[in-house]
Amino acid sequence: TKLVSPNLSSFLTFSPYTQQISMAELKETYACIPSTERGRGILISGDPKSNSILYCNGRSVIIRYLDRPLQVAVYGEHAYQATVARYSPNGEWIASADVSGTVRIWGTHNDFVLKKEFRVLSGRIDDLQWSPDGMRIVACGDGKGKSLVRAFMWDSGTNVGEFDGHSRRVLSCAFKPTRPFRIATCGEDFLMNFYEGPPFKFKLSHREHSNFVNCLRFSPDGSKLISVSSDKKGIIYDAKTGDIIGELSSEDGHQGSIYAVSWSPDSKQVLTVSADKSAKIWDISDDGKGKVKKTLASPGSGGVEDMLVGCLWQNDHLVTVSLGGTISIFSASDLEKSPVSFSGHMKNVNSLAVLRSDPKIILSTSYDGLIVKWIQGIGYCGKLDRKVTSQIKCFAIVEGEIVSCAFDNKIWRVSLLGDQCGNANSVDVGTQPKDLSLALNSPEVTLVSFETGVILLRGTEVLSTINLGFTVTASVISPDGTEAIVGGQDGKLHLYSITGDTLNEEVVLEKHRGAITVIRYSPDVSMFASADVNREAVVWDRASREVKLKNMLYHTARINCLDWSPDNTMVATGSLDTCVIIYDVSKPASHRITIKGAHLGGVYGLAFTDERSIVSSGEDACVRVWGITPQ
């Protein structure tokens with residue numbers, strides 16, 4: 001029987017063999033960063049009471065706590081890419097929207113129970129806002145020829161007004177936080193439209209901006225409204241009448257598109273962020289004039305990735321988000337204080353490794369070429385800057401060196417100097433690498449597999465290229481470099497002895513019924529495990545070459561990754577079915593620990609840090625640490 005806790009943080013498996021309960025518990029989540037897009041702002045939001053922020057990545061909505069960076073919750077029930085999420089005024093509900101035009105309203109407690117789901121627009125939703133009484137929601141975006149803005153009752157979905165006046169995608173909308181209620185919208189037609197209600201109807205329109213109007217927000221006291229645009233201007237309006245009363249001064253103003261704006265809690269200042277890589281705090285006078293109080297430089301190297309695309313002023317925290325996804329938190333009461341910055345992955349984390357010298361240090365890679373360093377108990381510890389940034393398909397690490405291959409036919413060896421990467425050497429192997437494996441006891445020896453064979457490397461020198469005569473899908477080399485196992489498209493495992501630069505076939509093992517995806521030796525090299533696309537894993541005894549553990553058939557889709565515990569007693573498999581399954585080699589396969597829903601979209605990386613902890617990564621761009629209780 002499996003018992004799953006409501007918050008998906010612990011998983012129990014009851015086994016009839018031992019009459020014991022074994023368990024895997026979520027210890028830490030290293031969250032993904034917001035999805036960003038060049039030339040577009042992102043609209044993050046938060047809840048001042050719990051001091052949390054909301055943002056979206058892929059199909060996930062991420063809840064992060066500003067004062068507790070390791071405390072993360074992920075909502076993954078959207079069927080399409082999520083775009084925006086907002087807390088209700090009482091903090092009990094969250095409304096989130098996606099590219100299909102659907103809004104889901106779900107509770108912040110009790111396993112994110114779904115309250116309602118509405119198809120609001122026929123295209124992507126870019127922004128939504130709750131009314132101050134929590135009874136209505138306004139959403140805007142791309143209507144694909146139909147309505148671009150809709151306001152509706154949160155419990156029934158009934159329309160509460162007509163929103164005419166826009167001809168192109170509406171990028172932002174806002175609900176006046178005090179009575180009389182007003183709704184303002186702005187978008188790609190350079191317009192700021194103003195509506196009175198409920199029921200809401202068109203009141204007036206302004207075309208003072210000369211480019212896309214990216215964001216507008218009412219002040220918390222309900223007296224003013226500000227809109228910011230790609231024309232580098234910010235315009236301030238009277239919140240009740242919609243009339244223009246002033247604008248942000250051009251003196252010391254932004255030099256690039258302004259993507260987002262957020263009011264201070266006392267309604268006297270605003271925070272803006274721009275493509276010029278700076279954030280600015282403006283004093284807003286009672287007559288609607290804005291003057292720069294302080295310019296906050298983006299912490300970074302000054303590249304394109306440091307353009308700022310999102311911001312939020314919450315309590316004493318000033319939050320900015322860069323195009324590269326870095327979240328920086330400044331203190332509003334001490335602007336001279338250096339910001340706290342954290343980052344992570346934006347794309348699928350396809351491989352990870354644990355340093356043998358210090359298993360608390362985890363390195364993870366995503367196919368966009370990013371390598372991120374994490375430390376258990378601390379979380380994000382920086383990105384490793386490589387002198388040559390190439391995509392990463394396969395990745396391995398030994399003391400002081402990272403070995404990787406990508407889609408450019410090259411194998412890279414990069415020296416690792418603390419938090420930085422040193423010199424990079426590469427060798428062009430002339431064909432697309434599929435897998436790479438290091439002989440851990442003599443790590444300059446590398447086995448690289450390609451479509452029809454393998455390549456033996458010593459450092460960056462090609463020793464031999466061997467055509468094996470079958471389609472290769474996975475490979476591994478023993479730690480001492482004397483044996484190689486190559487898996488084929490036909491599900492067979494070919495064992496070779498290595499002498500010098502030649503491979504001699506010893507035996508062919510047949511058990512799998514699908515293409516081999518991964519092969520790994522146990523740390524003491526007495527066993528090896530293999531897995532295939534047909535959801536099966538097998539543990540083999542190396543000496544006798546017999547099956548040691550069979551019937552490991554509990555995944556429902558292809559197995560992507562596999563790892564051994566340091567004490568050789570457990571094998572963990574990660575699959576496209578979002579699950580991680582941990583088997584005890586000394587017990588039948590039915591005695592297993594299953595972590596359901598470990599990663600939305602599939603698990604792609606697994607590594608044990610010690611006998612009782614395992615790290616996983618996946619399609620959702622998150623990295624998670626799980627604790628395994630003794631069985």
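This passage describes the fold, surface and selected local features of a predicted protein model. Local features require pLDDT of at least 70, side-chain atom pairs count only at pLDDT 80 or more, and totals for chains, interfaces and linings use all residues. Residues are numbered from 1 along each chain as its sequence is written, and side-chain values use heavy atoms, with hydrogens and water left out.

The protein chain contains 57 strands and zero helices. These elements are DSSP runs numbered from the N terminus (helices: H or I, at least four residues; strands: E, at least two). The C-alpha trace spans about 85 × 55 × 45 Å along its principal axes.

Of the 631 residues, 58% are buried. Buried means under 20% relative accessible area, exposed over 50%, and partly exposed in between (1.4 Å probe, protein chains only). The chain exposes about 23,900 Å², of which carbon and sulfur atoms supply 48%. Areas come from the Shrake-Rupley method with a 1.4 Å probe; for residues, only the protein chains shown count as cover. Among contacts with a separation of 6 or more, 45% link residues 24 or more positions apart. Contact means heavy atoms within 4.5 Å.

The chain carries 66 positive and 70 negative charges, and their mean positions are 5 Å apart. Lys and Arg count as positive, Asp and Glu as negative; His and the chain ends are not counted. Each charge is placed at NZ of Lys, CZ of Arg, CG of Asp or CD of Glu.

Residues 206-247 are 52% strand and 0% helix, with end C-alpha atoms 13 Å apart. Residues 509-541 are 58% strand and 0% helix, and their end C-alpha atoms lie 12 Å apart.

The bond from R179 to P180 is cis, with omega near -5°. P180 sits in the loop between β15 (170-175) and β16 (182-187). The bond joining G197 and P198 is also cis, with omega about -10°. P198 lies between β17 (192-196) and β18 (201-206), again in a loop.

K232 has phi of about 75°. This residue K232 occupies the loop between β20 (224-229) and β21 (234-238), and is partly exposed at 44% relative accessible area. D252 has phi of about 60° and belongs to the loop between β22 (244-247) and β23 (258-263).

G41 lies between β3 (20-30) and β4 (45-47) and is partly exposed at 30% relative accessibility. Beyond neighbours within four places in sequence, G41 contacts Y259 and V309. G41 and S274 are 233 residues apart along the chain, yet their C-alpha atoms are separated by 8.9 Å. S210 lies in the loop between β18 and β19 (213-218). S210 is exposed, with a relative accessible area of 52%. Not counting residues up to four places away in sequence, S210 touches F190 and D231. S210 and D231 are 21 residues apart in sequence and 5.8 Å apart in space, C-alpha to C-alpha.
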